Amino acid sequence: MKVLTRLFTVAGVAAAVSVLTAANALAADLKVGFITSLSGPVSSLGIPYDKGMKAAIAYKSELNGKKIQVVSLDDASDPSTAARNARKLIDEDKVDVIIGTAGSPGALAIAAVARETKTPLISIANANLPGEDGAWMVTLPQPAPLMVSAVVERMKASGVKTVGYIGFSDAWGDLVYDALQKSAEPAGIKVVSNERYARADASVTGQVLKIVALRPDAVITGTSGTPGALPYLALQERGYKGQIYGTHALINPDFVRVGGPAVEGLLAPTGPVIVAEQLPESNPIKKVSMDFRNAYQKANGAAPTDAFSAYSFDAWLLYLDAASRTKGEPGTPAYRVALRDSIVNTKELVGTHSVYNFKPDNRYGSDERSRVIVKLEKGQWKLVP
């Protein structure tokens, strides 16, 4: 009897360990890779993205009874590191989807790995690849043409006839300039310059001197984060008095802090989340935006003051919605394919920045509902009617 009792006890312990192991395996069934820039020149965007992800996890960390495990990595603002991080997350950590990163060059580097490994990428930086090159990615930030066209409409209404341009010497600078060219000409506005600088540059005096000499009615930049303040500081130093414009990539407290008086009066397009409390109750984005703010407060101990953290939150909402519609065994190639198909066929998903609708052949999911015009007044963004 003692022998039998010991056998049953051992069997019971083994069964308990087996159940515990199965439960742990179940808890880790859903795995998400998250890449952002916690250091380097893009960290002024990457840190808000990280805080947005913390808010997202605080908002909802389980799906259909399964815990979602998030594996986070810092790419140090380096596209090569972003690509290596993506490969590690896919090959070693066995994630089913990647959310990232803070800059367009890094997002494009991840997209190449996503395509090669057939892993869906939800880009929280503004990045676009046509055709098969971008078949495994979707992009949450509003496309440059959609947002720049809103700025050009405002310029036209204000009587602007000439505009100077200065942007980053990278993919984001190209996207904004191309969008400006296509929108300005039909509006009767001439783009008189195409100056560029690197994100890590400490001065843009030479580029701004050229712009000021052309005496444009307005200046718009294709920049982001704290490096995006440089042109406005230089314009103020040179006594430029024309109207200044920007894009949604500048809605960031560090940009406002660094720019100071030089960015007062700046007009820019942004997602509705920035002025959520001013939206009508009938706007579905208002409720989701307030939910985001509550989750952000819970996770980070303060209210959000930027546009970027909300993109991480929207990426999480997109993942949750798509995963809830995806059949199969997480952690397998077949599941990643099915998850990608669910993501690119998302319809009318309400987020903080937009009501998202994706198509398999279109990286962006935003329409006119995703943009408002704001003006910087005494350090605060105000909705412009």
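D93 is buried, with a relative accessible area of 15%. Here buried means under 20% relative accessible area, exposed means over 50%, and partly exposed is in between, with a 1.4 Å probe and protein chains only. Before going further: this is a predicted model, where local features need pLDDT of at least 70, side-chain atom pairs count only at pLDDT 80 or more, and totals for chains, interfaces and linings use all residues. Residues are numbered from 1 along each chain as its sequence is written, and side-chain values use heavy atoms, with hydrogens and water left out.

So what does D93 pair with? It forms a salt bridge with K88, which is partly exposed at 33% relative accessibility. A salt bridge is a side-chain nitrogen of Lys or Arg within 4 Å of a carboxyl oxygen of Asp or Glu. A search of the whole structure turns up 15 of them.

| Salt bridge | Closest N to O |
|---|---|
| D93 and K88 | 3.0 Å |
| D321 and R325 | 2.9 Å |

D254 and R257 sit three residues apart in helix 9 (residues 253–259), so about one helical turn separates them. D254 is partly exposed at 27%, while R257 is exposed at 58%. As for the D321 and R325 pair, D321 is partly exposed at 24% and R325 is partly exposed at 36%. Salt bridges with shared partners also link E348, D367 and R369 into one network.

Six strands make an open sheet in the order 2-3-1-4-5-6, with mixed pairing. Strand 2 (62–63) and strand 6 (137–139) are at the edges with a single partner strand each, so one side of each has no neighbour in the sheet. Helices (H or I, at least four residues) and strands (E, at least two) are DSSP runs, numbered from the N terminus. Two strands pair if DSSP finds at least two bridges between them. Strand 1 (residues 30–36) and strand 3 (residues 66–74) pair in the parallel sense over seven bridges, and V71 in strand 3 is the bridge partner of G33.

Finally, the nonpolar core, meaning a set of buried Ala, Val, Leu, Ile, Met, Phe, Trp, Tyr and Cys residues joined through side-chain atoms within 4.5 Å. The largest one has 96 residues, and I99, I122 and Y319 touch the most other members. Helix 11 (residues 308–324) gives the most to this core, with 12 residues. Apart from this core lies another of 22 residues, including A83 and I110.
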